[in-house]
Amino acid sequence: MSIERRKSMVVDASHSPTDDDYESWAVSYIDLLLLMVTLFVLLLSYQQQEIKKASEQEASSQAQPIIKPDNRAFLDQVYMSDLKGRVSVVEEQGTIKLAMSGSILFFPADATLSRSGERVLDELAVMLKQRPWHILVEGHTDNQKISTPRYLSNWELSSARATSVTRYLIGQGITPKRLSAIGYAETRPLVSNDSDQGRGKNRRVALVLRAPD
């Protein structure tokens with residue numbers, strides 16, 4: 001009896017793994033894989049939520065006014081000065097845009113500042129020096145073609161007028177790094193160019209004021 005029992009024990013201890021053993025191992029491995037996949041999905045979902053949250057925060061910050069609260073004081077200063085009627089003011093998308101008619105600033109079909117234009121810029125320069133805003137000077141024309149030895153098209157004229165205003169503001173003490181200039185020719189009209197009055201409104205220079213980055 002003792003010998004038979006020992007043989008039986010030896011046989012039991014040395015037998016090959018059964019299908020149940022393989023199945024048990026496979027189930028454990030599958031459970032581990034499922035757990036890893038679940039963790040990966042959760043991490044991916046969390047990352048996407050964080051990206052969405054960051055995008056919403058960035059969009060929200062961009063939608064907020066860029067110019068600080070003292071813009072109201074600046075606008076009041078403009079309205080109460082002699083510039084009223086010669087400078088139009090528009091607040092849009094966190095900026096302040098000051099537009100001046102080309103007929104006030106320049107001689108016809110030229111980028112040379114007139115005396116009246118210099119007086120307007122003198123007053124603006126005093127106000128702008130008190131604030132650190134970046135100033136984009138935009139030159140605009142009507143749709144009437146121009147071709148002179150100096151200005152071959154409205155692109156040259158609008159760019160030259162924007163540059164002329166920029167240089168004058170620098171001469172009045174505004175730091176050059178705060179300024180930039182661009183000419184748009186007739187591509188951004190305020191109103192239709194079908195009348196003399198409309199074309200007169202479209203011939204303009206605008207100062208776009210934006211808080212520094």
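Guide: Let's start with β5, which is mostly covered, with six of its seven residues buried. Buried means under 20% relative accessible area, exposed over 50%, and partly exposed in between (1.4 Å probe, protein chains only). This is a predicted model, where local features need pLDDT of at least 70, side-chain atom pairs count only at pLDDT 80 or more, and totals for chains, interfaces and linings use all residues. Residues are numbered from 1 along each chain as its sequence is written, and side-chain values use heavy atoms, with hydrogens and water left out.

Visitor: Why is Ser147 called exposed?

Guide: Its relative accessibility is 63%, so Ser147 counts as exposed. Ser147 sits in the loop between β3 (134-140) and α6 (154-171). Across the whole protein chain, buried residues make up 31% of the 213 residues.

Visitor: What makes something a helix or a strand here?

Guide: Both are DSSP runs, numbered from the N terminus: helices are H or I with at least four residues, strands are E with at least two. By that rule the protein chain has seven helices and five strands. From the N terminus on, they run α-α-α-β-β-α-α-β-α-β-α-β.

Visitor: How do you know which strands pair, and in what order do they lie in the sheet?

Guide: Two strands pair if DSSP finds at least two bridges between them. β1 and β2 have six bridges and are antiparallel, and Ser88 stands opposite Ala99 in β2. β2 and β5 also run antiparallel, joined by six bridges; there, Ser101 has Arg204 in β5 as its bridge partner. For β3 and β5, also antiparallel, the count is seven bridges, and Leu136 has Val208 in β5 as its bridge partner. The five strands form an open sheet in the order β1-β2-β5-β3-β4, with mixed pairing.

Visitor: Why are β1 and β4 said to stand at the edges?

Guide: β1 and β4 (179-183) each have a single partner strand, so one side of each is left without a neighbour in the sheet. From one strand to the next, the twist averages 20°.

Visitor: What makes you say that α5 packs on the sheet?

Guide: Contact means heavy atoms within 4.5 Å, and helix α5 (residues 115-128) touches β1, β2, β3 and β5. Its direction makes about 165° with that of β2. Axes are lines fitted to C-alpha atoms, for helices over the stretch in contact, and angles run from 0 to 180 degrees between N-to-C directions. α6 lies across β3, β4 and β5, running at about 165° to β4.

Visitor: And what makes a spot a pocket?

Guide: On a 1 Å grid over the protein atoms alone, where a 1.4 Å probe fits, a pocket is an open set of points with protein on both sides within 12 Å along at least five of seven lines; lining residues have an atom within 4 Å of a point. The largest pocket has a volume of about 310 Å³. Of its 19 lining residues, the closest to the centre are Ser88, Ala99, Met100, Leu190 and Arg204.

Visitor: How do the lining residues of the largest pocket divide?

Guide: They split into seven nonpolar, five polar and seven charged. Here Ala, Val, Leu, Ile, Met, Phe, Trp, Tyr, Cys and Pro count as nonpolar, Asp, Glu, Lys and Arg as charged, and the others, Gly among them, as polar.

Technical notes. Points joined across faces, edges and corners; volume = space filled by probe spheres on them.
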